Amino acid sequence: MAAIELPLTSDGERRFVTEIDGVSYTFRTTYVIGQNNHWLLDIYDEDENPIVYGINIVTGSLNLLKGYGNVFDGVHLLAVPFYNEDPSGPEALGTVLKVFWFTPDEPFPYSLGDPLIDIDKLLNLYE
């Protein structure tokens, strides 16, 4: 499995540019404090035009990009908590909470109803 772990962090550097399948994307995260604290993700094209804006980074969702049109057809974005800490906390992104990008040409290991158990072993994160 060759899922791409997005290098998201909860420190001051919450914006980065990366190339995936020959396309440059800018990713930006924002921490929202309110009744339910949570992380949001924005994705921009190489000209800084927003492609998707305000994606809630929700653990347990099989695809955070579902419902955002055809731009990311076949792409899966998956948020996985790795410790028994609050994945929505202000320091969680990149340590407790990690986000993985599955391109359309790689098999996605989950389908509706599958638990997100032992994903660290599936993705070979601790070899």
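**Exercise 1. Determine what percentage of the residues of the protein count as buried.**

Solution. The model is predicted, so local features need pLDDT of at least 70 and side-chain atom pairs count only at pLDDT 80 or more, while totals for chains, interfaces and linings use all residues. Residues are numbered from 1 along each chain as its sequence is written, and side-chain values use heavy atoms, with hydrogens and water left out. A residue is buried under 20% relative accessible area, exposed over 50% and partly exposed in between (1.4 Å probe, protein chains only). By this criterion, 35% of the 127 residues of the protein are buried.

**Exercise 2. State which elements the protein contains and in what order they run.**

Solution. Helices (H or I, at least four residues) and strands (E, at least two) are DSSP runs, numbered from the N terminus. The protein has 7 strands and 1 helix. Read from the N terminus, the order is β-β-β-β-β-β-β-α.

**Exercise 3. Describe how β1, β7 and β6 are arranged in their sheet.**

Solution. Two strands pair if DSSP finds at least two bridges between them. An open sheet is formed by 3 strands in the order β1-β7-β6, with antiparallel pairing. β1 (4-6) and β6 (76-81) each have a single partner strand and stand at the edges, so one side of each lacks a neighbour in the sheet.

**Exercise 4. Identify which residue of β7 is the bridge partner of L6.**

Solution. β1 and β7 (residues 97-102) run antiparallel and are joined by 3 bridges. Within β7, V99 is the bridge partner of L6.
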